[in-house]
Amino acid sequence: MTTTTLDERVGATRLSDRLVVRPEIGALLGAVVVFAFFSITADQFLTGDGVATWLDDASTLGIMAVAVSLLMIGGEFDLSAGVMTASTALVTAILATQAGWNVWLALLASLVFALAVGVFNGWLVMRTGLPSFIVTLGTFLALQGLNLGVTRLVTGTVQVSGMRSADGYASSGFVFASTVEIGGTKFQISILWWIGFAAVAAWLLVRTRFGNWIFAVGGSPVSSRAVGVPVKRTKILLFMTTAVAGWLVGSINILRFASVQANQGIGLELQFIIAAVVGGCLLTGGFGSAIGAAIGALIFGMARQGIVFARWDSDWFMLFLGVMLLAAVLVNNTFRRRAERVRR
């Protein structure tokens, strides 16, 4: 009788194969490098207050990056995601401070508004066949003008404030803008919202039928439709997801700072996309990770605050963004090609 022994290299290869097919592995390695670098160069980086600061910086960006990553995996973009955070905050603030609504009712109304915009974006993309880049660019411009015009019409300025005196502010502020003390350091509750949102999105993406649909419609909408995947419904739901994430971030901001500027959120949509790309999403769709997008946002937070802690000129952060984006695209393409070879 002959016995077959398993070559140790086979086991090692299988482990590497399991790692390489994970879209977030590149972002994880990048996060380790950034963490180690600023831990050495910035004394305040690893203090309790320092950790709370860069986690807080990453949290709201991370919520949006996770939602945007799901949409990108589904093969679409939403350039109105950044301004949506301001639009929903303005709806909440105007209804609560100018119309006298309870904050909870104002939050519900702003959620309905966000969902309506998400449905409109998704429906228009699917109905016309236009690129989502163009459709949501139009939505971005429309919301930007609406924010400025309505705010100035109602308040006479481009700012809405006075949330702390609105009915229901205390309870809603506890849910969306309170702090949690750990080891004598206060951490913003937005960090918990970020972790929870990322966990739910990751579970949805890899453990449910809807997650399979997301990958399918991003990889090949025609083939997906042929095998019974509801392409239109899936993509509309993804646009609604980014809108809900915008509402959540807008709610956190308005209840934390108690005021909102009509021009807030402009330009943030590019940061959401970059964080998703750094996290392993491809611009062509069909490949990516919600956890990777959350890690991408973490890299943003660590780098942005690490530069401050190291007392460098903050202008260097834009250089960091450019280098990080180019590196992420190259790494993601490499990992995707290797993953395709492994799956064959």
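This is a predicted model: local features need pLDDT of at least 70, side-chain atom pairs count only at pLDDT 80 or more; totals for chains, interfaces and linings use all residues.
The buried set consists of Glu269, Gln271, Phe272, Ile273, Ile274, Ala275, Ala276, Val277 and Val278. Helix 12 is followed by Gly280, a residue with a positive phi near 115°.

Helix 12 meets helix 3, which spans residues 48-73. The axes of these two helices come within 8 Å and cross at roughly 70°. An angle from 65 to 115 degrees counts as roughly perpendicular, and helix 3 and helix 12 are therefore roughly perpendicular to each other. Their crossing is right-handed. On the side of helix 3, the residues that take part in the contact are Leu61, Met64, Ala65, Val68, Ser69 and Met72. From helix 12 they are met by Gln271, Phe272, Ile273, Ala275, Ala276 and Val277. Sorted by class, this contact has 10 nonpolar residues and 2 polar ones, with no charged residues.

Charged residues come into view with the salt bridges. Side chains of opposite charge can pair when their charged atoms come close. In this model the count comes to 3 salt bridges.

One of them joins Asp56 to Arg256, with the closest N and O atoms 2.8 Å apart. Asp56 belongs to helix 3 and Arg256 to helix 11 (residues 231-257), so this pair ties together parts that are 200 residues apart in sequence. The two partners can also be described by their accessibility. Asp56 has 17% relative accessibility and counts as buried, because the limit for a buried residue is under 20%. Arg256, at 24%, counts as partly exposed.

Another salt bridge links Asp57 with Arg304, and here the closest N and O atoms are 2.8 Å apart. Asp57 lies in helix 3, while Arg304 lies in helix 13 (residues 290-309), so the pair connects parts that are 247 residues apart in sequence. Asp57 is buried, with a relative accessible area of 16%, and Arg304 is partly exposed, with a value of 23%.

There is also a salt bridge between Glu76 and Lys235, whose closest N and O atoms are 2.6 Å apart. Glu76 sits in the loop between helix 3 and helix 4 (81-97) and Lys235 in helix 11, so this pair ties together parts that are 159 residues apart in sequence. Both Glu76 and Lys235 are buried.

Finally, the backbone angles deserve a look. Ala258 has a phi near 65°, a positive value in a residue other than glycine. Ala258 is found in the loop between helix 11 and strand 4 (259-261). With a relative accessible area of 5%, Ala258 is buried. Arg311 is not a glycine either, yet its phi is positive, at about 65°. This arginine lies in the loop between helix 13 and helix 14 (316-343). Arg311 is exposed, with a relative accessible area of 76%, whereas Ala258 is buried.

Note on methods
Residues are numbered from 1 along each chain as its sequence is written. Side-chain values use heavy atoms; hydrogens and water are left out. Buried means under 20% relative accessible area, exposed over 50%, partly exposed in between (1.4 Å probe, protein chains only). Helices (H or I, at least four residues) and strands (E, at least two) are DSSP runs, numbered from the N terminus. Axes are lines fitted to C-alpha atoms, for helices over the stretch in contact, and angles run from 0 to 180 degrees between N-to-C directions. Angles under 35 degrees count as roughly parallel, over 145 as roughly antiparallel, 65 to 115 as roughly perpendicular and the rest as oblique. A crossing is left-handed if the near helix is turned anticlockwise from the far one by less than a right angle, and right-handed if clockwise. Contact means heavy atoms within 4.5 Å. Ala, Val, Leu, Ile, Met, Phe, Trp, Tyr, Cys and Pro count as nonpolar, Asp, Glu, Lys and Arg as charged, and the others, Gly among them, as polar. A salt bridge is a side-chain nitrogen of Lys or Arg within 4 Å of a carboxyl oxygen of Asp or Glu.
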